[in-house]
Amino acid sequence: MLKYIQKRLLRLIPILLVITFVTFSLMYLASGDPAQKKLVAQGIVPDDAALEAEREEMGLNDPFIIRYGKWLVGFLTGDLGESYSNGQPVSGLLWTAMGKTAAVAVCALALSLVISLPLGIWSAVRQNTFIDYLVRFLTFFANAVPSFLAALLLIYLFCIKLKWFPVLAKDSFRGLVLPVIALSLPITGKFVKQIRAEILEQLGEGYVTGAQARGVRQSTYMIRDVLHNSMLAIITVIGFSVGSLFVGSVVIESIFQWPGVGKLVMDSITARDYPVIQGFVIYIAVIYVMINLLTDIAYRYLDPRITDS
Amino acid sequence: MKFKKALSLLLVLCLLCTVSGCSHSSASSDSKTIRIGDLFANTYTSLDPAQDSCGWWTVTLGISETLFRIDDNYTVVPWLAESAASDGNTWTIKLRNNVVFSDGTPLTAEIAAESLSHAAVTSSSNTSLADAEIKAVDDSTLTITTAEPLATMTNELTSPAYAIAILDGDSALFTGPFAVTDFDPGVSIKASRNDHYWNGKVTLDGVEGTYVADADTLSLAFQNGEIDAFIGPTTNDLEIFEGDPDTYQVVSTPASRLYYYYLNLDRLPEKDLRAAINMSIDSDAICTLLSGLASPTAGAYGPDTAYGGVTRNSYDPDAAKKLIEGLGYTLDSNGYYAKDGQEIELDIAYYAARSIDKIVVLMQEQLKAAGIKASLTVSEDPDGTYLTTHDFDIGVYCMIANPSADPYYFLNRVVGGGLYTSGGFEDAKATELLSELYTETDTSQRAELAVEIQQIIIDDEAMGFMALLNKTTCMRSGVKNCSETNPVSYYFINADTDINS
Amino acid sequence: MKNKKNLWLRIFLFLAAAIIILSLFSDVLMPNDPNATNAMRIKEAPSAEYPFGTDDLGRCVLSRVLSGSKTSIFCALILVAATAVFGSAAGMLCGYYGGAADSIVMRIIDGIMAFPQMVLAIAVAGMLGGGMLNAMLALGFASWTPYARLARSRVIALKREEFVLAARISGCGDGAVIGGYIFPNIFPSLLTYAATQVGTIMLGFAGLSFLNLGVQQPQAEWGSMISSARGMLATAPWAVLYPALALIVSVMIFNYLGDAIRDRLDVHLESEERR
């Protein structure tokens, strides 16, 4: 097991190199002349002398590969530069916002699981009944609604018509309810679908038929065997949902004004604050890779059938 | 079966938990605080009024004040100052003697001079005092000396960048009716009543400003009672608010944010073609589209201002067609004018803010009706793209043409060279008149010069002035005195603002 | 069981074909010019002249929904086809030949797949600027990799199979082996994955439109129609709900179709599908 983790960690190195390179090149191409962007973002109308001084100060006259190297060293030491618009360190901004995003994302994930586990199991147990068709229809529906539309419909119904919740999330529990629901909606759709498929697969296994033949109660073998054996697949599903959560948070946080990374990056796109966008992309990629790694490790740890090879 | 029951129980419990969150209704405290929302990006980034456009929102929230201000009739009146007199290059400004900061410190000429000197070199939005020498003469008198006589000194001093402040690191003291208590950069700001306020009693206990990036979210939060007032609704909002006058009050005041476009003189050298374009664009239809948010205009300023008396061709697509035909173009099978098999095809460059994205679609259709084909190109950042590169046939823009109750600001930008003199417009007569305008002190003479310069632009068919955006203030019922009749959009919360719960 | 699977597959194939044909003939079916604005007839409720009402520029919503079907559906189909062809070709070649090129390409793919698909698409679209072509490039850049990985792993497994070895020994060229023996065997997996992607890509376009990175005005696309009319939910709900309905129904049909194809071909997709 340790050997496997070691191997996986080693394999991360080239991936991280590619990630940082892709991110840096994207922003290198995107930002045009960063000196001009920085001055404009600070509200200064740049002239040639100011531009040249700024370029020199920012090290923009170095060749691409040197700049990438400098940036990479900065990234490894936790220094992602400073925001163009307010001069604060990017990593600090991102960490603060990341905490806020995590709060919503974890709640959304929990809500998704709480809804999708029973629904997925129910729909699998009652395969090809009305309930199954209804659950599957709702799943497909949830997967087909753009999240910004879902968020707006939720606001319209629960805030404007029913007056139950505030529109602006701010730092209150009540304010969090709608963003959490909106964020969990598409993930719930995916979860139900995959949990149902997994349970169906398990139900087709020999041990279930055996248990049924021996007259074991459904609830007993469902909890003891089927759920237990489905855990693996469910963990993988959770791991892979992290990407969707981050993407969802960009839209949802912008709509509900929740000060997480999603809103931070949207504000930065508007203000053309490239260091923050760059920091966001790289952080998301690293987190995503790490979570996938943990998922794989958990998968191996839980599944004795997979051996080190 | 037990298992399923347990699961359904769990599910019901979860739903109950979720719903129970809404059982407490929003507890409104006894203190009277007005909550406003602001759409302007990078709104609350710093307390220094000279930094970016930060002076804008400190004035908006009734936190900072300037030496002079613009009143409801669009004239400059003293605010923290008492009077001003000019003697060629030097202006002598006398301060009121009863002004104090929110901690009780009296305003002296020395503090004011220091504050202005800082802003003069820091501000990028207003550079009119960049080279000025600002000195305190005695406790309540200061002088500002410029290299050239600056006729519009008092107008310039209304700029929110020149708000008077005592800056100390990240904190700042101001003289307004409200003093900052809680500042969360980029997110929100809270201010409470300034008990030392120099100009009478402050009605409200506090004010809370929130930056809301999305216009629809802001409107929904307003409808849900989380925001008490804001400026700048969309046409949709207007329809909802005006349909329910018991809940919402909407006040529109003619203001000076101008929708206009540049014609690229290098790419459209034929003056008749440019004239035809200008005659195909219907300002009235644009204002109908922006129902109630904008008023049509012929020049860069409202027809009611002293410098609004310009004349131009009226909307007339048939006459436009005749002009184009006069240039040797004929209608082709697609319904567009073409010469030698080559259709006229114009590139309209625009950016998607303040309903410009809607206006350009209408412009495209209006041009089509006159047989001119046009395509649309959107940019995120007009200043960094098409205004700089001149890569357009029609470049649409939107700017506050009259921020300081004087025509120089806008005309200097579109005629005097630099970023906003786009599209290759160059006219010796206009440049000469502009430098006259800079130093001319007589108001009626200034108005005449301004009209003359605008007329040159119009006669050369170099630009098209389409509409002026009104300042539209939305308030929930019970909210009073939000400077809603003042034409300047950064005057909002003041000492008399009130709210009845 | 098989008959039932076939039945579902036929139903959704029929529905998908119906949508595609409808969008093919949308030019004929449109009652009005989809781009014609009318400042005098803004936000009109559905009527005989404007069956789905008009939007905030006085444009016919029905005509725009029909015209938008071309953009939304065809761009998604073209993009899926292009990424599938490119990704599978790259994956098959890498898997078949192996070597240093394979390692390099796989590292690049690992790197690209390290980003959540839409995060990368937003970053690329933000770099390229708005416009449908740029949005397609952005989504394409982020979505060709799973095909490559899928194709490569299947090819590596197949290479060891006897029938492939036999073909190679009997003198078939590389092209003939890939085209005649390997491709037919991995085609079902690729087709299934591609079918499940159509809906995802359609929603991806809608998401980019919301962030102002989608189609350019005045071109009609469902996502941008919903996004630009979203403030009108209270005053002109038809301008939001009809394009939303069109988008949701189409995405659902294509997703159902993807599932039906998978059930019919009995293909199991591993991690790729879960993303």
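Domain bounds come from an automatic or database domain assignment. The model discussed here is predicted.

Q: Into which domains is chain A divided, and what distance separates their centres?
A: Chain A is divided into domain 1, residues 2–76, and domain 2, residues 91–302. Taken over C-alpha atoms, the separation of the centres of these two domains of chain A is 33 Å.

Q: Which element gives the most to the side of domain 1 of chain A that touches domain 2 of chain A?
A: The contact draws on 15 residues of domain 1 of chain A and 14 residues of domain 2 of chain A. On the domain 1 side, the elements giving two or more residues are α1 (2–30) and α2 (34–41) of chain A. By class, that side has 10 nonpolar, three polar and two charged residues. With 10 residues, the element that gives the most is α1(A).

Q: What distance separates the centres of domain 1 and domain 2 of chain B?
A: In chain B, the assignment gives domain 1 as 28–247 + 477–499 and domain 2 as 254–470. Over C-alpha atoms, the centres of domain 1 of chain B and domain 2 of chain B are separated by 32 Å.

Q: Which elements give two or more residues to the side of domain 1 of chain B that touches domain 2 of chain B?
A: In this contact, 16 residues of domain 1 of chain B meet 16 residues of domain 2 of chain B. The domain 1 side divides into seven nonpolar, seven polar and two charged residues. The elements that give two or more residues to that side are α4 (153–156) and α6 (235–242) of chain B.

Q: Which residues of α14(B) are buried?
A: Helix α14 of chain B covers residues 443–459, and its 17 residues reach 24 Å from first C-alpha to last, close to the 24 Å expected at 1.5 Å a residue. Its buried residues are covered by elements including α12 (408–415), α13 (428–439) and β22 (463–476) of chain B. A residue counts as buried if 20 or more other C-beta atoms lie within 10 Å of its own. The buried residues of α14(B) are B:R446, B:A447, B:L449, B:A450, B:I453, B:Q454, B:I457 and B:I458.

Q: Which residue takes a positive phi just after α14(B)?
A: Helix α14 of chain B spans residues 443–459. Just after this helix, a positive phi of about 50° is taken by B:E461.

Q: Why is one side of β16 and of β18 of chain B left without a neighbour in the sheet?
A: Three strands of chain B form an open, antiparallel sheet in the order β16-β17-β18. Because β16 (330–331) and β18 (342–343) of chain B stand at the edges, each has a single partner strand.

Q: Which residue of β18(B) is the bridge partner of B:K339?
A: Strand β17 (residues 337–339) of chain B is joined to β18(B) by two bridges, and the two strands run antiparallel. In β18(B), the bridge partner of B:K339 is B:Q342.

Q: Which element gives the most to the side of chain C that touches chain A?
A: This contact takes 32 residues from chain C and 33 residues from chain A. Elements giving two or more residues to the chain C side include α4 (99–113), α5 (117–128) and α9 (174–210) of chain C. By class, that side has 20 nonpolar, seven polar and five charged residues. With seven residues, the element that gives the most is α5(C).

Notes: Residues are numbered from 1 along each chain as its sequence is written. Chains are lettered from A and ligands numbered from 1 in the order in which they are written. This is a predicted model: local features need pLDDT of at least 70, side-chain atom pairs count only at pLDDT 80 or more; totals for chains, interfaces and linings use all residues. Two residues are in contact if their C-beta atoms, placed from the backbone, lie within 7 Å. Helices (H or I, at least four residues) and strands (E, at least two) are DSSP runs, numbered from the N terminus. Ala, Val, Leu, Ile, Met, Phe, Trp, Tyr, Cys and Pro count as nonpolar, Asp, Glu, Lys and Arg as charged, and the others, Gly among them, as polar. The expected span of a helix is 1.5 Å times one less than its number of residues. A residue is buried if 20 or more other C-beta atoms lie within 10 Å of its own, exposed if 12 or fewer, and partly exposed in between; C-beta atoms are placed from the backbone. Two strands pair if DSSP finds at least two bridges between them.
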